[in-house]
Amino acid sequence: MASLKLAHMADPMVWLNSLVSAESFLVLAAFAACIALAWLFVWSVRRAFAAQDLSVLLGKRLIDGVLFPVVLLGLTFAARTLLTTDHPVALFGILLPVCMSLALIRFGVKVLQVAFGAAPFVRVLERTISWIAWLAVVLWVTGILPLLLDELDQIRWKIGGAMLSVRTLIEGALTAGAVLIVMLWISSALESRLLKSATGSDLSLRMVISNTVRALLMFVGLLLALSAVGIDLTALSVLGGAVGVGIGFGLQKLAANYVSGFVILAERSMRIGDMVKVDNFEGRITDIKARYTLIRSPTGRESIVPNEMLITQRVENLSLADTKVAQSTTVSVAYNAPVDEVMQLLQQACQAQPRVLAEPAPSVALSAFGADGLEFTVNYWFDDPASGQLNLKSDVNLAILKTLRDHGIEIPFPQRVVHLPTKS
């Protein structure tokens, strides 16, 4: 920023007069050319990389991303170098800070949008970044910012062996924010690249890699931010060790869930989309987090299952090796019904259902001699448990009931005969 001190080095009246000189109109024309060249360059890049995800650099519109203000800033620097060979032009003292602030604002806003989406606090952070950047431009152009920084640097106090000032804290906080935004940008770009066109078990593995990389980058960013503020990281080692031991004892279950989550994703024993049954809850796995797994039942209910439970308890995975699922229903007919015909009709009723598999074929067996009639057990297979199981059983029972009624086969109901003693 030392090269931008044109605004406050000269006398104010001389500086104002230089703004309305003929050279200033030449600078404005050069700046307009820089805008046109930057627009043309970004337009060319957008056409060349139309199929790739460059949302932070290009944005949704042509001048909505980071690339346009960055290119404009570079072209403005080049124009200043060419036009100020003999003597400086004061107008560049305004144009360069404006371009730099625009680039910083667009970078911070786009990274926050990509990292956190439409979260409510994103709008607040966007406005905060914009206000801070434009306020810094105004203070710099008017020459107040260097004086204000010098005054803030005089407010000092000593913490341990370090001497801190208000200026140091402000600069450290801004540096820390910039470091965290850069780390968010890198992690979001890696996450977008890893999760692109991934499905099934591959998606689960890439999700755990993405979460791990993001956690590591944020940890490194936090350390760099603390160091930028002026905090000695070696002083935190003893305190961090003590806190770590306490947290380790207090959060054993939480740690077990996280470890179990990484084991599940690494072993691929359960994947997103599998039909599972755990703790008498049956449904499809919709998401696997580091701490818990989300299971959605066919009825629409969702269950959050800690990952430790999936490791330590018995879990039925209906989709691990084969998606085919067997189901059965029981039917009673009168004792005088033709057994062979009944078995054939029951098998045909099952085969008429679209979801029932032809291979293995449905089977019918005379399973018991009931108190009120002959009991037949019908077994059949289907391969889409995520579409529901009770609805299929209902369709099969309705088809069986209609078939037996159409052929005049009686379905008995319990009858009891009570013999009353007669008077002699």
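**Overall architecture and local features of the predicted model**

The secondary structure of the protein comprises 15 helices and 10 strands, where helices (H or I, at least four residues) and strands (E, at least two) are DSSP runs numbered from the N terminus. The model is predicted, with local features requiring pLDDT of at least 70 and side-chain atom pairs counted only at pLDDT 80 or more, while totals for chains, interfaces and linings use all residues. Residues are numbered from 1 along each chain as its sequence is written, and side-chain values use heavy atoms, with hydrogens and water left out.

Of the 424 residues in the protein, 33% are buried; here buried means under 20% relative accessible area, exposed means over 50%, and partly exposed lies in between (1.4 Å probe, protein chains only). The accessible surface comes to about 25,200 Å², and 64% of this surface belongs to carbon and sulfur atoms. These areas come from the Shrake-Rupley method with a 1.4 Å probe, and for residues only the protein chains shown count as cover. Among contacts in the protein with a separation of 6 or more, 62% join residues 24 or more positions apart, a contact being heavy atoms within 4.5 Å.

Which residues of α14 are buried? They are Val342, Leu345, Leu346, Ala349 and Cys350. Seen down the axis of α14, these buried residues fall within an arc of 135°, so they line one face of the helix. The arc is that of the directions from the helix axis to the C-beta atoms. An α-helix has 3.6 residues a turn, so residues three or four places apart point the same way. The cover over the buried residues of α14 includes strands β8 (325–333), β9 (363–369) and β10 (374–382), together with helix α15 (390–406).

The loop between α14 and β9 holds two further features. Pro360 lies in this loop, and the peptide bond from Glu359 to Pro360 is cis, with omega near 0°. The side chain of Arg355 meets that of Asp384 in a salt bridge (3.1 Å, N to O). Asp384 lies in the loop between β10 and α15 and Arg355 in the loop between α14 and β9, so the pair ties together parts that are 29 residues apart in sequence. Asp384 is partly exposed, with a relative accessible area of 22%.

A search of the whole structure finds six salt bridges, each defined as a side-chain nitrogen of Lys or Arg within 4 Å of a carboxyl oxygen of Asp or Glu. Side chains of opposite charge can pair when their charged atoms come close. One of the bridges joins Asp274 to Arg271, with the closest N and O atoms 3.3 Å apart. In this pair Asp274 is buried at 5% relative accessible area, whereas Arg271 is partly exposed at 22%. Another bridge brings together the side chains of Arg314 and Glu316 (3.1 Å, N to O). Here Arg314 is exposed, with a relative accessible area of 68%, and Glu316 is partly exposed at 29%.

Helix α12 (residues 252–267) contains Gly261, which counts as buried at 1% relative accessibility. Leaving aside neighbours within four places in sequence, Gly261 is in contact with Lys289, Ala290 and Asn307. Gly261 and Thr293 are 32 residues apart in sequence, and their C-alpha atoms are 8.2 Å apart in space.

The loop between β3 (275–278) and β4 (281–288) includes Asp279, and Asn280 has its place in the loop between β3 and β4 as well. Asp279 has a positive phi of about 55° although it is not a glycine, and Asn280, also not a glycine, has a positive phi of about 65°. Asp279 counts as exposed at 54% relative accessibility, and Asn280 is exposed at 73%.

Phe219 has its place in helix α10 (residues 200–229).
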